[in-house]
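Here's a structure to talk through with a few pointed questions. What can be said about it, and on what grounds?

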Amino acid sequence: MTMFLRSFIPSLAALLLAATNAGAQGLLIDKSEIRFVSKQLGVNVEGRFRKWKANIVFLPRDLGRSKAEFDIDLGSIDLASDESETEIKSPLWFDTRQFPVAHFASTSIRSVGGDRYEVAGRLTLKGVTKDIVVPIALKKDTAGNSVAEGSFLLRRGDYRIGEGMWADTELVDSGVVVRVRMVLPPLA
Amino acid sequence: MKPYESKARYSGIAIALHWLTALLIVANLALGLSMVPLPISPRKLHWYAWHKWIGTTVFLLTWLRVGWRWVRPAPLPVPMTHWQRRAARASHLALYALLLLVPVSGWLYSSSTGVQVVYLGLLPLPDLVPADKTLAAALKAVHVSLNFVLAVLVCVHTAAALKHHFVDRDTALVRMLPGMRLRGSAQ
């Protein structure tokens, strides 16, 4: 019995915590987005991901327990051009057959004053894992939801995105600006 | 005043702008036709960019030509029949209009596909229309049709110039050629 309780209570606690997290901060996924802008010969090319999952716990008064995790379906990329979408899934770019998902997991979230925070974490993309820091700003929208907006500069070369004939950064800039907008229901 | 103004030549600048435009539009037509079927590649992206930059250049050069023509009017037409003069005038007007409209249609078409035109990779032209697939299909048809009309008019223009030179034996062509002295001209 004690053995059962010893293992049961922590699992129950974990389960309750998970349920609370999911219940308290279910992301408003239709209002949230992951977009990016790359540059080709001086022209901004915008895109977004249609399918991704996130597990976000954001407690401004308890940043130690706060976390953000993302799984992004790279094949769901939207570039407003079928030709470009087919190309970017190919081995020289994302190679979605081998690496279908990009993963991000925060390692720490710290306040940098006011409504600004820094989310540090590890981004895994095309088999490469790098530490990144995403500065975010927190606002409220008119419905009272919390809107966290942040962006960071991703160097495509770091993750071998656009190899071989596409490596030329005069043609496709090395920097890709990734913009994240997460909408969470009112914080408790 | 000289009795035969028609023996006057176009100014050096007008001649330079005319032939530069001729070179650019023929090159850009060839580039436009060859870039579309290319598989996606760095070459394709470069060709598309050059095509847009050349088109924008033609647009700018055309305004320069119109401005220059206003400062230094074209020499009077060579002697020809009334209907020929009217046809020449109409076709020249149409050519100028197309030299402006074809690049504009390409610019709008590019915007409608979601790709902004950035002249020489430095100067962004505003997107005047939204990215929209239906609109893009319509603007593509407009761009292609206007180009077809331009190509036909360039052929007519060239044929007329050759006819003036070889059949009528007048100075219509020679006065637009660089560095050629006109027969019997004092200039």
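Predicted model: local features only at pLDDT ≥ 70, side-chain atom pairs only at ≥ 80, totals over all residues.

Q: What makes S8(A) and S9(A) count as paired strands?
A: The cut-off is at least two bridges found by DSSP. Strand S8 (residues 128-140) and strand S9 (residues 146-155) of chain A are joined by 5 bridges, so they pair. They run antiparallel, and A:Ala137 stands opposite A:Glu149 in S9(A).

Q: What lies between S8(A) and S9(A), and which residue in the turn has a positive phi?
A: There are 5 residues between them, and the two strands form a hairpin. The residue in the turn is A:Gly144, with a phi of about 85°.

Q: How do you know that S9(A) also pairs with S10(A)?
A: Same test: at least two bridges are needed. Here 10 bridges join S9(A) to strand S10 (residues 175-184) of chain A, so that's a pair, antiparallel again. For one of the partners, look at A:Ser151, which is bridged to A:Arg179 in S10(A).

Q: And what joins S7(A) to S8(A)?
A: 10 bridges do, between strand S7 (residues 116-125) of chain A and S8(A), and these run antiparallel. A:Val119 has A:Val134 in S8(A) as its bridge partner.

Q: In which order do the strands of the sheet come?
A: It's an open sheet of 10 strands in chain A, ordered S3-S4-S6-S7-S8-S9-S10-S1-S2-S5, with antiparallel pairing.

Q: Why are S3 and S5 of chain A said to stand at the edges?
A: Strand S3 (52-57) and strand S5 (77-78) each have a single partner strand, so one side of each has no neighbour in the sheet.

Now over to chain B.

Q: What is chain B built from?
A: Chain B has 4 helices and 2 strands, and along the sequence they go α-α-α-β-β-α. Its C-alpha trace spans about 60 × 30 × 25 Å along the principal axes.

Q: What makes a residue of chain B count as buried, and how many do?
A: A residue needs 20 or more other C-beta atoms within 10 Å of its own. Of the 187 residues of chain B, 19% count as buried.

Q: How many residues of chain B are in contact with chain A, and which element gives the most?
A: 12 residues of chain B are in contact with 13 residues of chain A. Helix H2 (residues 42-71) of chain B gives the most to that side, with 3 residues. By type, the side of chain B that touches chain A has 8 nonpolar, 4 polar and no charged residues.

Key:
Residues numbered from 1 in each chain as written. Chains lettered and ligands numbered in written order. Contact = placed C-beta atoms within 7 Å. Nonpolar A, V, L, I, M, F, W, Y, C, P; charged D, E, K, R; others polar. Buried ≥ 20, exposed ≤ 12 C-beta atoms within 10 Å, placed from the backbone.
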